[in-house]
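Biologist: I'm new to this one. Could you walk me through it?

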Amino acid sequence: MKIHYGTLIKEVSDITRVTQKDVKEIIDSTFESIIEHISKGETVNIGNMGSFGFSIKEETKVPNLHLYNQGMKEEKTVVPKQRIMKFYPSQSTKKIVKGIKDE
């Protein structure tokens, strides 16, 4: 099942008895703050849920498959070094997800 952004806002509003408009503002501000910190290279820990951060994927050279299939194995494309955004679940989150039964 997929939970949409509007559904999440409504659920939080119902639980907290805060208006949907205020909940949306809080959630948007939270996500903006997380992204800002990650963009500075910082890891953001979200309580028992886990942490957002990034890893660095070093520059690599990969074969050009269209040339490789024609027998020209020397040509390679350089893939530049990249930051990859990651989510690292906490131990409690891992346990909860592991305990979910498939339907």
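This is a predicted model: local features need pLDDT of at least 70, side-chain atom pairs count only at pLDDT 80 or more; totals for chains, interfaces and linings use all residues.

Biologist: Is Phe-87 buried, exposed or partly exposed?

Modeller: Buried would need a value under 20%, and exposed one over 50%. Phe-87 has 33% relative accessibility, so Phe-87 counts as partly exposed.

Biologist: Which class does the aromatic pair of Phe-52 and Phe-87 belong to: stacked, edge-to-face or tilted?

Modeller: By the rule used, there is one aromatic pair. Planes under 30 degrees apart would be stacked, and over 60 edge-to-face. The ring centres of Phe-52 and Phe-87 are 4.9 Å apart and the planes sit at 50°, so the pair is tilted.

Biologist: Which helix gives the most to the lining of the largest pocket?

Modeller: That pocket has a volume of about 160 Å³. Its lining includes Phe-52 and Met-85, and by class it has seven nonpolar, one polar and no charged residues. The top contributor, with four residues, is helix α2.

Biologist: Which residue forms a salt bridge with Glu-36?

Modeller: The structure holds three salt bridges. In this one, the closest N and O atoms are 3.4 Å apart, within the 4 Å cut-off. Glu-36 is partly exposed at 42%, and its partner is Lys-40.

Terms used. Residues are numbered from 1 along each chain as its sequence is written. Side-chain values use heavy atoms; hydrogens and water are left out. Rings of Phe, Tyr and Trp (its six-membered ring) pair if their centres lie within 6.5 Å; planes under 30 degrees apart count as stacked, over 60 as edge-to-face and the rest as tilted. Buried means under 20% relative accessible area, exposed over 50%, partly exposed in between (1.4 Å probe, protein chains only). On a 1 Å grid over the protein atoms alone, a cavity is a set of points where a 1.4 Å probe fits but cannot get out, and a pocket is an open set with protein on both sides within 12 Å along at least five of seven lines; lining residues have an atom within 4 Å of a point. Grid points are joined across faces, edges and corners, and a volume is the space filled by probe spheres set on the points. Helices (H or I, at least four residues) and strands (E, at least two) are DSSP runs, numbered from the N terminus. Ala, Val, Leu, Ile, Met, Phe, Trp, Tyr, Cys and Pro count as nonpolar, Asp, Glu, Lys and Arg as charged, and the others, Gly among them, as polar. A salt bridge is a side-chain nitrogen of Lys or Arg within 4 Å of a carboxyl oxygen of Asp or Glu.
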